[in-house]
Amino acid sequence: MVGSDGLNVSPSPSQQMEKQLPNQWGVTKPLSRAGPLELDIQRSKELEKFLVDAGLYESAEEAAKREEVLCRLKQIVKDWVKELTRVRGYTDQMVEDANAVIFTFGSYRLGVHGPGADIDTLCVGPSYVNREEDFFYVLHNILAEMEEVTELQPVPDAHVPVMKFKFDGISIDLLYASISLLVVPDDLDISNMSVLHEIDEPTVRSLNGCRVADQILKLVPNIEHFCTTLRCLKFWAKRRGVYSNVTGFLGGVNWALLVARVCQFYPNANPSMLVSRFFRVYTLWRWPNPVMLCEIEDDELGFSVWDPRKNPWDRSHQMPIITPAYPCMNSSYNVSTSTLRVMMEQFQFGNKICEDIELNKAEWKALFEPYLFFESYKNYLQVDIIAADSDDLRAWKGWVESRLRQLTLMIERDTYGKLQCHPYPHDYVDHSKQCAHCAFFMGLQRKQGEVIQEGQQFDIRQTVDEFRHQINMYMYWKPGMEIYVSHVRRKQIPAYVFPEGYKRCRHPRPMSQQQLDKASSEDGEACRTGSAERRLKRKKELEEMEMKRESLEKRQSISPQMRDSASPDLLCLRSANALKGYSLIESETIKEGPESCQPIGGISPQVIPCSGSSGGKMQHHEQDAEVNTNITISNEGMQNAETFDAGCLPNVNNGGNPEINDQGFLQGDIREAKSKLLLDGGRENVAGVFEDGLREELEANGQHGMVLNSGDVVGSEPVQKTVMSRLGLTSSA
């Protein structure tokens, strides 16, 4: 809500007026209008107590400090615009009327922020104050000179240009939008379509955050229940490692839209019911059918809206979650096949726990058990990022992290989905390093059910070269900024990633008496022949090392496409211009990363990709068969490596492979989308958005599916129709 001073403040559910419930919320009728039973009310109280005890609510003092910071920021931008108006020779009256307004969006606007959370803010200024010079240069310099401002980081080339900083300890993400008005009123209605006239695409994206937040609050039946449910599920997503838009999972606005849709399905449900129904709905949702809170509308302003019939790239989106404000966009375009798989597994986990809670077999704390990422895979990619100091690391890390999802997409593309990646959206710091450092990890496994032939390898050398090329395009690279990528097994995970600094003990599996007898017999035999075997083993190792060196020399002239080439396990990627002339060196151990670094004042240490004794063989989940994985680095092909934008696959040379078309789409992804979403003339019915077997015994009521109306654009008529009659679900009043 916008106060009389133009400051956008967080809503207070207690101050919300009672709404008259309409016949339907969103684009379909509710699944159920049933309210909570006494047991549901008790569970909601227990859930809210758990959230309070978990420290998810800020104190009154911190809330007051946020309001104070926002008021000071409002005055700063107003003075900034007045000064620019005066310098540019406008009249005294124009200088007096000159104004800029601060709005908030994101978690703060929705009322679900917690202690220490940042505040997403938007500054709306007049038409003659631009983003490139006035915002990122003049206002940046004003903020840089203020004692209260720290960690100032402008990101002008982001998809949504932003300036990040801390103001008196409060983290601020500040966007800027210049609208087509000479004077910006304090009571500007940002939801009005007129603010979109005569502005560019980056400005539209900047305005959309506030417009979407306002629409969400208008489209949910009960704001208080929505906020509690969203706060709960954001906490759950962070604990389960699926909260990160930049990594390819879902960010704050995505989770808000998913929760809002469930609130529309169950308008009278309380938070405990909504959490349970959330997992039930999205466990059975048939992606890529889109989640929408309202009809997709087009307008004469001409901005592109999400429409898979007109826009080819929209057809490849894995998990469309559509924003409710014009121009309607897919807020989750970063989601890949691998990250969608991980989220679906976590939805199933949440659904199982909620079923147990409803049967009194579990408590709420079981839902929020942290995901044991480092016990879930046998193989990982470790990405070490280092810089000369903490300021350089902050910028360098932000750039690398923003490209990690591209590495996931490229591995999916180059292995045709057979090698799956699980990027973990947390960074870890090794404080023993002499330089600023952090590391990210990716879990690796072959696709479940995929038949792997003996000796088959995943050769991702060119994939890594392409990723390296993208990283090296960083415009603000400085000496000391380095990145190292290594393949590590679970037992080689560094100790600093574990909370207490040591690894959890893995209890051995119980052995039968027959296995124990066999092991005892083998141990006795080993004692008698141990010395001789060690001598033979050492001799064999020396012979193998000599053969590897000879093979390495021969491999210099062999194409990196060869599947039978030896593979180093460590890929050390250099940034800037120091990429030429490095060598491959064999080693008997896998290095976890750079042991020491002296990046200050000159050239960084020589890059030495090392190979471990594993010979490139990767192990996967306990039930998986071992798969040989060839991860090799090459100097070739660097000039032609392409960069991708916003989760889209690039044009690739298909080499006669029928699985990749001329536009660079993976045919498997196209077929998946066409089978469920793409429309023939706008009239083809989709099979429904839920998997078979949706169980709504207590509230058998469903109108879920989606088809797009015919016509040139997504029209104003409802875009969803009933497709669940075959499941025996009927509407109820």
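## Overall fold

Among contacts in the chain between residues at least 6 apart in sequence, 75% link residues at least 24 apart. The model is predicted. Its chain holds 15 helices and 14 strands. Of the 733 residues, 51% count as buried.

## Helix α9 against α7

Two packed helices are described by the angle between their axes and the distance between the axes. Helix α7 spans residues 223–239, and helix α9 spans residues 271–283. They pack at an angle of about 50°, with axes 9 Å apart. The crossing of α7 past α9 is right-handed.

On the α7 side, the contact uses His225, Thr228, Thr229, Cys232, Leu233 and Trp236. On the α9 side, Pro271, Leu274, Val275, Phe278 and Phe279 meet them. By class, the residues of this α7–α9 contact are 8 nonpolar, 3 polar and no charged.

## Helix α9 against α8

Helix α8 covers residues 252–265. The axes of α8 and α9 come within 10 Å and cross at roughly 105°. An angle of 65 to 115 degrees counts as roughly perpendicular, so that label applies to α8 and α9.

From α8, the contact draws on Trp255, Leu258, Val259, Arg261, Val262, Cys263 and Phe265. From α9 come Leu274, Arg277, Phe278, Val281 and Tyr282. The residues of the α8–α9 contact divide into 10 nonpolar, no polar and 2 charged. Leu274 and Phe278 of α9 are listed in the contact with α7 and also in the contact with α8.

## Phe279 in α9

Phe279 sits in helix α9. Its relative accessibility is 0%, so Phe279 counts as buried. Beyond residues up to four places away in sequence, Phe279 touches Leu233, Trp236, Phe347, Gly350, Asn351, Cys354 and Leu367. Among these, Leu233 and Trp236 belong to the α7 side of the helix contact.

Leu233 and Phe279 are 46 residues apart in sequence. In space, their C-alpha atoms are 9.9 Å apart.

## His487 in strand β9

Strand β9 runs over residues 482–489 and includes His487. Under 20% relative accessible area means buried. His487 has 1% relative accessibility, so His487 counts as buried.

The His487 side chain has a polar partner. The side chain of His487 makes a polar contact with the side chain of Asn379, at 2.7 Å.

Technical notes. Residues are numbered from 1 along each chain as its sequence is written. This is a predicted model: local features need pLDDT of at least 70, side-chain atom pairs count only at pLDDT 80 or more; totals for chains, interfaces and linings use all residues. Side-chain values use heavy atoms; hydrogens and water are left out. Axes are lines fitted to C-alpha atoms, for helices over the stretch in contact, and angles run from 0 to 180 degrees between N-to-C directions. Helices (H or I, at least four residues) and strands (E, at least two) are DSSP runs, numbered from the N terminus. A crossing is left-handed if the near helix is turned anticlockwise from the far one by less than a right angle, and right-handed if clockwise. Contact means heavy atoms within 4.5 Å. Ala, Val, Leu, Ile, Met, Phe, Trp, Tyr, Cys and Pro count as nonpolar, Asp, Glu, Lys and Arg as charged, and the others, Gly among them, as polar. Buried means under 20% relative accessible area, exposed over 50%, partly exposed in between (1.4 Å probe, protein chains only). A polar contact is a pair of N or O atoms within 3.5 Å; within protein, one must be able to donate a hydrogen and the other to accept it, and residues adjacent in sequence count only if both atoms are side-chain atoms. Angles under 35 degrees count as roughly parallel, over 145 as roughly antiparallel, 65 to 115 as roughly perpendicular and the rest as oblique.
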